[in-house]
Every structure is written in C-alpha cells, then in structure tokens.
Amino acid sequence: MPASFITFEGLDGSGKSTHLRLAAEWMMARGLEVQCTHEPGGTPLGDGIRGLFLDPNWEQVEPQVEALLVFASRRQHLAEVIEPALAAGTHVLCDRFTDSSLAYQGAGRGLTRDWLAALDQLATDGRQPDVTLLFDLPAEAAQQRGQSLARRQQEGGLDRFDIESLTFYRRVRDGFLGLAKASPERFRIIDSSQDIDTTWSQVAQVLDEILGDNKP
Ligand code: TYD
C-alpha cells in the first residue's frame, strides 16, 4: 500500500491541529514514516505568502486574490514537500488543503464552484488527498474554543479571519459539510464538539481503518 496523503480540515478552533499532532505520534509509534505540514504555507515561500494572506492591514482583499494567494502557496507546497514525501513512501498529514479554499473562499466569501475548480485544476492539476478528516462542530462552539478574541489579541494579534463574523463561519461550516456529502468516499466526519478523548477515539478508529494494511 502506498503512502497516504491525509488532510485535517475544519473551522479555526475545531481541534484539527491538536489531533494532527496526536495522529502523527500514533503513526510514528507504529513505525510509520510521517511528514506533518500545514497550509497556507508549508514551504519558505508558502510561509511568506501565508503572512500576506493573513495580514489584517490589508483592508480590502478581493476574494479572488485570496484564492490566488493560497493556491500559489499550495502549488509550491505540493512540488517541494507533499509529492516528494509521498514518492519516498512517507505518509503526509496536512493541516488544511484545497477543501479549506472551497469552504472559506467559496462558501464563506462567495466565489463560485466553477471558478475555484478551474483554479484548482490549473494550480494543483486537481490533486486530491486520499482521506480527509473533517472536524465538525457548530460555529458558535468553535468560536468560543479557538477564537477568544481577547486571548488571540494578547497572543500576537488577530489575523484577517479571526475578525470574521459568526455568519461567515456558519457558511464555512456548511461549506465543509456540503463537500463531505459530495465526496463520502474521501471524507470522514469527526464530531469534535466533545472532549479531546472522545474526539481522539474517532480519529484513531479512522487511522486504524485507513492504515490497517500498512502497519509493520
Ligand atoms: P490555520 O493556520 O489553520 O489557522 P488556525 O490555526 O487559526 O485554524 O489557517 C489560517 C486561516 O486561513 C484560517 O482562518 C483559514 C484560512 N484559510 C483559507 O481561508 N483558505 C485556505 O485555502 C486555507 C488553507 C486557509
């Protein structure tokens, strides 16, 4: 069985990044080679683009420009990190990928599916993950957990998405759920509204299922 490209998706505050770290530890404890990475970013150029993408000083950013930035970063990420790791037999765990663009720039900002699909084709040749774990919880709960604005401001400032409205995040959540419904063979929905252990047991079950034949 070849190495798997597994993505972790969900709202800010959904717990996806915590569970990505736990998943990497779980896999490495089983002797698997794992590369953890993230978007936007994941390469020196991509992390530069990430800084531009999230900078709250840009007052008016066209949604198309947001998408172009993040897909530029993604192309570099695929070429420099993701494809070489997979070719070397290393599993790739990626915090966000194209589904985030479809949910945030599509459902959130209103870009059409056709426009984003055309850009995806140009930028990534339509590259898809093998499996996507969607950490799902209501937008209100995600906001309370991850986006305590006062706390984030203290920790180093708010980015352009931290200041978005609850209505925006509700659209993004619905966007993610719509994507999962459209591709049930790729998505696994993880109910992340509960405590960390309950969420982790669902993640471990998925890992067991997809890596079952791939354990040493
Ligand atoms: P991320 O680093 O996952 O932030 P956090 O750790 O706060 O969840 O992503 C930063 C922001 O970028 C996040 O609000 C979602 C947004 N984003 C998009 O809008 N489109 C994209 O394609 C990606 C990858 C991220």
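Because the model is predicted, local features are reported only at pLDDT of at least 70 and side-chain atom pairs only at pLDDT 80 or more, whereas totals for chains, interfaces and linings use all residues. Residues are numbered from 1 along each chain as its sequence is written, and side-chain values use heavy atoms, with hydrogens and water left out.

Helix α1 comprises the 14 residues 16–29; helices (H or I, at least four residues) and strands (E, at least two) are DSSP runs numbered from the N terminus. Within α1, the residues Lys16, His19, Leu20, Ala23, Ala24, Trp26 and Met27 are buried, where buried denotes under 20% relative accessible area, exposed over 50%, and partly exposed a value in between (1.4 Å probe, protein chains only). Viewed down the axis of α1, these buried residues fall within an arc of 165°, so they line one face of the helix; the arc is that of the directions from the helix axis to the C-beta atoms. An α-helix has 3.6 residues a turn, so residues three or four places apart point the same way. The buried residues of α1 pack against β1 (5–10), β2 (34–38), β3 (91–95), β4 (131–136) and α9 (196–211), contact being defined as heavy atoms within 4.5 Å. Just after α1, Gly31 adopts a positive phi of about 80°.

The ligand is surrounded by 16 residues, of which the closest are Asp12, Arg50, Arg96, Ser101 and Gln105; a residue is included if one of its heavy atoms lies within 4 Å of the molecule. Taken alone the ligand exposes 550 Å², of which the protein buries 91%, as computed by the Shrake-Rupley method with a 1.4 Å probe.

Helices α2 (44–54), α3 (63–87) and α4 (98–108) each contribute at least two residues to the shell around the ligand, and the largest share, 4 residues, comes from α4. Helix α4 is itself mostly covered, with 9 of its 11 residues buried, among them Ser101, Tyr104 and Gln105. Arg96, located in the loop between β3 and α4, has a phi near 75°, a positive value in a residue other than glycine, and counts as buried at 10% relative accessibility.

Further local features occur in other loops. Trp58, placed between α2 and α3, counts as partly exposed at 42% relative accessibility, and touches Leu52 and Arg160 when residues up to four places away in sequence are not counted. A polar atom of the Trp58 side chain lies 2.8 Å from the backbone oxygen of Leu52. In the loop between β2 and α2, which holds Pro40, a cis peptide bond joins Glu39 and Pro40, with omega about -10°.

Terms used:
Expected span 1.5 Å × (residues − 1). Polar contact = N/O pair within 3.5 Å; in protein donor to acceptor, adjacent residues only side chain to side chain.
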